[in-house]
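Student: Could we go through this model together, one question at a time? I would like to see how each answer is reached.

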Amino acid sequence: MAMVLNEEAGMLKDAARGFLADSAPIAQLRKLRDTDNADGFDRKTWAAMAEMGWTSVLVPEAHGGVEMGHVAAGVIAEEMGRTLTASPFLSTAIMGATALSRFGSDGQKGEWLPRIAAGEAITAIAVDEGRKHNPSRVATKAERSGNGFKLSGRKSFVAEGHVADMMIVSARTAGGEAEAEGVSLFLVPIDAAGVSVERIKTVDSRNFATVTLDGVEVTADAALGEVDGGLTALEAVLDAGRAGLSAEMSGSAQECLASTVAYLKERKQFGQIIGTFQALQHRAAHLYSEVELGKSIVMKALQTLDAAPDHAAMMVSAAKAKLGQVAQMAAQEGVQMHGGMGMTDEFDIGFFMKRVRVAEALYGDANYHAEKFARMRQY
Amino acid sequence: MAMVLNEEAGMLKDAARGFLADSAPIAQLRKLRDTDNADGFDRKTWAAMAEMGWTSVLVPEAHGGVEMGHVAAGVIAEEMGRTLTASPFLSTAIMGATALSRFGSDGQKGEWLPRIAAGEAITAIAVDEGRKHNPSRVATKAERSGNGFKLSGRKSFVAEGHVADMMIVSARTAGGEAEAEGVSLFLVPIDAAGVSVERIKTVDSRNFATVTLDGVEVTADAALGEVDGGLTALEAVLDAGRAGLSAEMSGSAQECLASTVAYLKERKQFGQIIGTFQALQHRAAHLYSEVELGKSIVMKALQTLDAAPDHAAMMVSAAKAKLGQVAQMAAQEGVQMHGGMGMTDEFDIGFFMKRVRVAEALYGDANYHAEKFARMRQY
Amino acid sequence: MSDLESFREETRAWLEANCPVEMRQPMRGEHDIVWGGRNCQLSEPQKLWLDRMAGKGWTVPEWPVEYGGGGLDKAHAKVLREEMKRIKARAPLQSFGIWMLGPALLKYGTHEQKLEHLPPITRGEIRWAQGYSEPNAGSDLAAVMTKCEDKGDHYLINGQKIWTSYADQADWIFALVRTDFAAKKHEGISFILVDMGQPGVTTKPIKLISGKSPFCETFFDDARAEKHNVVGDLNKGWTVAKYLLTHEREMIGGMGSGAMRPAGDVAVQMIGKDEQGRLDDPVLRTDITRLEIDGLAFMSTMERVADEAKAGQGVGANSSVLKYYGTELNKRRLELMMDSVGQDGLEWGADDDAAAHWLRTKGNSIEGGTSEVQLNIISKRILELPTS
Amino acid sequence: MSDLESFREETRAWLEANCPVEMRQPMRGEHDIVWGGRNCQLSEPQKLWLDRMAGKGWTVPEWPVEYGGGGLDKAHAKVLREEMKRIKARAPLQSFGIWMLGPALLKYGTHEQKLEHLPPITRGEIRWAQGYSEPNAGSDLAAVMTKCEDKGDHYLINGQKIWTSYADQADWIFALVRTDFAAKKHEGISFILVDMGQPGVTTKPIKLISGKSPFCETFFDDARAEKHNVVGDLNKGWTVAKYLLTHEREMIGGMGSGAMRPAGDVAVQMIGKDEQGRLDDPVLRTDITRLEIDGLAFMSTMERVADEAKAGQGVGANSSVLKYYGTELNKRRLELMMDSVGQDGLEWGADDDAAAHWLRTKGNSIEGGTSEVQLNIISKRILELPTS
């Protein structure tokens with residue numbers, strides 16, 4: 001597949017950039033933070049995104065979607081990375097839609113996909129339990145109870161958990177805490193008895209939740225995919241999310257570079273435009289090279305997810321690891337080259353540093369994915 | 001202990017620098033290489049070193065030495081690192097002398113230490129068997145035979161093995177190939193029946209040997225230190241060598257920096273002295289900082305070897321790991337900043353790159369010592 | 001018994017009797033630091049501890065007794081430090097007056113200036129701010145434009161400073177001002193002491209990315225300073241400033257050293273070990289190992305630079321190496337801490353303030369002369385590379 | 001059957017019948033490369049293979065038939081490559097004529113120049129050297145001082161070139177010379193073709209740190225060139241040179257990519273695994289993992305840059321990114337290879353030449369425009385940062 005966007009994706013990119021710059025720039029995130037907005041995102045913007053078909057980008061046409069694929073989803077995520085737009089796009093339009101369309105029963109698809117496509121339902125993925133991402137480490141229990149299951153446990157760092165209508169929860173139906181076998185996935189409506197959600201504000205002015213499941217009863221129909229063998233599906237859903245996050249980080253890295261280069265062209269020190277200092281030029285040029293490599297590996301991962309989703313894991317891990325390094329470097333170099341102004345809340349560059357740190361931790365940091373990559377490479 | 005040289009060591013440093021610049025500059029190594037010298041070092045220079053007391057720097061006074069300690073030995077090694085002087089100083093004056101004076105029996109001391117001090121005997125340490133340093137991995141066997149032992153095996157990368165009068169050989173008297181217990185050390189005269197030595201020329205124009213032991217008979221008196229528990233002594237001897245090597249690498253790094261800075265002040269490109277280019281200035285300044293850190297950790301390791309030899313392992317591993325990184329960086333930056341000229345055999349900078357690579361591999365590379373450090377730090 | 005030994009015994013007994021038990025608890029955060037000053041609210045034990053220590057001159061043990069210090073030599077001061085550490089006594093007082101202005105006054109001040117300003121510092125009565133940077137000067141400190149006019153019996157100051165630490169809580173400010181606009185850049189600057197309690201001086205906190213506001217903008221609108229409050233010669237303030245910069249550089253660089261828990265220990269606590277006893281994140285383990293080795297090399301370098309200075313062998317500009325490397329190391333350290341703490345470190349406004357601490361370190365390589373300025377200094381002063 | 005499919009069948013059959021079995025063995029070293037030229041010694045199978053392939057125009061499959069090429073379009077050329085790869089056929093001929101001069105002549109040469117020079121290249125009869133750098137120019141290629149005087153019916157050349165690859169074995173050289181000393185730096189340069197078989201051209205190999213001498217100094221002492229051997233317009237040689245530089249940059253940068261065995265596989269073979277199936281050197285494993293991930297990202301970038309160029313969307317100066325990153329990556333790769341091979345890689349003159357290969361890569365970031373020059377280009381042309 002050629003490593004360029006096709007016409008459709010190119011148009012989507014232009015449209016996304018225009019819309020986000022106008023309707024959801026960093027100023028929006030700043031306002032959400034400063035007004036302590038209860039949702040942590042702007043519902044009007046979200047409705048407009050649904051209107052434009054962004055929420056249905058991975059929903060099959062049969063269920064009301066436009067089914068454009070991961071490259072297209074990545075294009076949107078990348079543009080959101082430039083403007084740091086807060087929305088449930090990743091948790092719902094990418095991960096929720098992937099989970100249901102690839103692993104849902106006909107009933108589950110029929111219930112949720114049209115609502116996701118329409119922007120009417122928000123979903124969240126409740127996977128982690130400790131401070132570091134580790135999808136096979138599951139202590140949350142799902143015990144058989146009558147015709148269904150009873151879920152008990154505690155999930156941390158659930159993106160958009162505080163606004164979700166439904167959560168996809170990993171729980172153990174068999175095996176020991178760290179075993180790969182015995183993990184199952186369940187669709188848990190947020191209003192089920194025994195679910196409690198605590199909102200956590202994170203450094204990036206976004207929202208996560210700690211979710212407690214206290215004997216939550218679900219029917220047998222709530223199981224998503226194979227009972228006891230849910231880890232494969234979970235990894236596939238996570239990989240979709242990781243690739244989307246990598247695309248977002250790529251957008252953020254590009255924007256950090258662009259705004260830093262712009263600052264270098266404008267700021268004076270020692271009587272000179274600082275962009276004339278060769279040491280800074282070389283650092284900016286090196287950063288540009290890294291950002292270009294980041295763009296390429298993200299595109300490769302997204303194309304692989306579209307073309308061969310069952311063989312995308314290595315490319316996705318490479319992308320998440322590489323973008324973890326690149327985006328953090330871009331933010332750090334950005335703050336440093338902005339000097340004292342880069343340390344102020346008034347300038348936007350710090351928002352990138354904070355968001356990129358959170359994106360780095362989410363669904364496996366660069367170290368986690370480097371390790372996963374090495375294992376897949378069998379060394 | 002103050003982190004400065006005392007007066008005695010300071011005088012030694014000045015004397016060493018003067019002598020080596022006059023009598024054993026890089027031109028000497030070049031000539032040894034180009035004339036394919038059979039010894040791989042200059043015997044006249046070696047005799048002069050003995051004359052000045054360098055060979056006895058770690059030999060106790062009782063055995064004819066000056067016993068100045070590891071800081072002094074490191075001062076000499078550092079200066080040799082500046083001039084890339086080839087000599088058996090490390091194998092004999094540092095490691096041989098440490099082995100015998102710390103772990104030798106009275107008989108062994110009496111036999112070898114005065115000869116080492118006088119520059120009359122060259123010793124070598126035969127420890128490794130594979131391509132990577134690993135002192136506990138010993139397949140060479142020492143079977144009890146009559147009153148003594150019979151040694152069989154193959155040792156690789158034995159520094160100065162081709163000119164040694166005596167070798168300190170690690171061999172297994174018990175245990176499996178990778179076990180820590182069961183390793184013993186033996187003094188093996190080079191002319192013992194069954195010893196064969198193959199000279200290996202290495203990229204640094206120095207000499208190593210592959211040593212084959214084919215049923216070599218030694219008496220019980222040949223055992224150095226504790227039979228079966230020789231690894232502790234071996235590690236102590238290796239640590240003395242590693243610290244000396246780190247000092248040598250520090251000298252090489254300093255010289256790479258100095259000659260590169262000198263080149264930057266002289267070479268013109270695009271109509272300007274290249275030393276005015278800020279990108280190169282910052283790289284040189286960063287390199288200077290690294291070289292300074294290297295000097296400090298080497299001094300710390302050497303001081304610890306003198307003050308508390310049984311607790312020096314962590315500092316020595318830190319020094320060897322740090323200098324592996326610093327000296328290679330200095331050589332690589334040196335070659336790059338010399339441009340095309342740096343790639344020619346005519347310029348000296350390439351000699352540093354080659355020597356530093358060999359020093360890096362010898363007695364554990366930076367990765368080996370980082371791993372060892374992490375284990376000592378219990379993580 | 002030697003003099004030092006008996007001093008140790010007396011000190012131990014005195015500390016035991018005089019250090020309130022609350023002052024032997026670890027500080028729980030920045031709010032437990034006693035900065036002193038006219039507006040400072042002290043708890044009873046804090047006040048007791050400060051007064052008792054100040055009474056002995058031990059808030060600044062090595063300063064001369066006549067200026068409120070303890071008059072101790074290095075050896076005795078070390079004993080005092082060790083004994084305080086033994087009972088985990090908190091520092092009774094921390095301040096820019098102690099770290100920055102004090103040393104400058106001791107070196108460049110007149111006897112009268114010392115008598116006026118040092119004792120209130122030692123008793124925590126006056127809190128000082130530092131007024132160096134200006135909005136359009138940034139790293140180029142010598143480009144200060146704050147105007148200081150001679151009005152006969154006093155000076156009149158107009159202009160703006162930025163990055164003045166805690167200026168909103170300070171009482172006085174030591175500032176670089178331009179007293180001669182005709183002179184060359186470095187030659188028309190004076191070092192002056194200004195009372196911030198006058199209407200002509202106002203401050204405005206700057207909100208940082210960490211959410212905190214440790215710095216301010218400080219505005220001088222017809223502010224007044226007495227003529228005897230110029231430190232050093234008029235128009236020669238750059239000399240005093242440079243001395244203080246070196247001092248500050250070493251202080252900030254030193255923050256990259258041992259005070260914190262080793263990164264490896266934190267990581268093990270957060271992440272645990274695998275079956276082979278290794279930190280259960282092999283890639284992070286590599287990075288932490290390299291950090292700790294660099295940390296050892298850095299601490300050895302701090303020690304060496306100090307010992308060389310004592311022995312008169314030092315390279316003065318090596319303080320730039322310490323500032324540069326120390327702050328970069330500290331940034332690396334905090335990145336690895338964030339890697340270790342994972343999701344738990346990302347909460348905004350969490351009790352342990354992990355994220356705020358991480359973000360704060362990003363300023364280390366900017367304040368007190370950026371890393372780039374330090375590399376320029378090393379290149380120019382140590383390597384003597386030419387400028388074009 | 002489509003045209004491509006039938007072409008594949010024919011090609012497969014032809015290769016099967018015509019590629020000597022010896023030419024299907026892996027090359028054992030540099031000496032197995034067929035560079036061509038007047039002094040080239042070919043083995044019987046090498047000669048057979050070269051003649052047969054040249055006969056079909058397949059030493060340069062995409063060049064026009066009239067100049068000795070195969071006249072294939074990209075799709076057919078790809079089929080040919082795939083079929084050669086299938087039977088592991090060696091390249092029948094490699095040369096700077098094919099890689100460098102050919103593309104330049106095809107773009108800038110006259111019909112007569114193409115007819116004169118291209119066919120001998122395709123048949124391996126003439127080996128070309130590149131004469132760009134000069135001793136005092138280095139990275140600053142436009143500073144060439146080699147003098148080229150118009151002598152009416154011919155040109156007279158005096159001066160010196162350096163870093164001319166294999167000039168001691170080449171027959172002709174394409175060189176940058178100064179034809180107008182009065183013009184601005186970039187404007188008095190011409191691109192000229194010179195026969196090296198004349199007494200006025202001499203060469204001297206340069207011994208490198210690797211012990212090899214792939215480069216020479218080349219001296220012109222009253223050397224002669226025909227007037228019709230200027231390529232492009234007189235004094236406009238910089239245009240041709242720039243085109244070739246971009247070409248060379250991509251070629252050298254590309255060497256950092258997939259041709260070699262993955263570093264992880266080499267390391268496992270050399271070092272082995274621990275009980276958990278991990279490479280038995282955890283620190284090296286981290287470095288190799290990062291290298292391989294960067295390698296994937298780099299190869300994806302090569303692909304993307306090529307595809308963007310095809311789609312007309314490319315950033316031209318991205319060839320500098322490829323040159324810069326590719327060569328730095330290749331140096332990292334070889335350092336890690338040396339770490340993996342350990343002591344066995346340190347023997348001088350060993351059969352596998354591991355050390356020579358390692359040392360050779362250090363030149364990658366110097367030749368064809370240093371890494372620093374590439375960063376300057378990125379800074380100026382892509383980021384458009386100002387020059388002082």
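Tutor: Gladly! This is a predicted model, in which local features need pLDDT of at least 70 and side-chain atom pairs count only at pLDDT 80 or more, while totals for chains, interfaces and linings use all residues. Residues are numbered from 1 along each chain as its sequence is written, chains are lettered from A and ligands numbered from 1 in the order in which they are written, and side-chain values use heavy atoms, with hydrogens and water left out.

Student: Moving to chain C, which three residues supply 61% of the area that domain 1 buries against domain 3?

Tutor: The bounds, from an automatic or database domain assignment, are 3-122 for domain 1 and 239-382 for domain 3 of chain C. Together these two domains bury about 720 Å², where buried area is the accessible area (1.4 Å probe) lost on being put together, summed over both parts. On the side of domain 1 of chain C, the three that supply 61% are Trp99(C), Met100(C) and Tyr108(C).

Student: How many salt bridges are there between domain 1 and domain 3 of chain C?

Tutor: Six residues of domain 1 of chain C are in contact with seven of domain 3, contact meaning heavy atoms within 4.5 Å. Carbon and sulfur atoms account for 85% of the area buried there. A salt bridge needs a side-chain nitrogen of Lys or Arg within 4 Å of a carboxyl oxygen of Asp or Glu, and the count between these domains is zero.

Student: How many salt bridges does the rule find across the interface of chain C and chain B?

Tutor: Here 44 residues of chain C are in contact with 41 of chain B, and the two chains bury about 3600 Å² between them. One of the bridges joins the side chains of Glu292(C) and Arg377(B) at 2.7 Å, N to O. Across the interface of chain C and chain B, the number found is seven.

Student: And which helix gives the most to the side of chain A that touches chain D?

Tutor: Between chain A and chain D, about 3600 Å² is buried, 59% of it on carbon and sulfur atoms. The side chains of Glu292(D) and Arg377(A) form a salt bridge of 2.7 Å, N to O. Elements of chain A that each supply at least two residues to this side include α7 (230-264), α9 (313-337) and α11 (366-376). The biggest contributor, with 16 residues, is α8(A).

Methods:
Helices (H or I, at least four residues) and strands (E, at least two) are DSSP runs, numbered from the N terminus.
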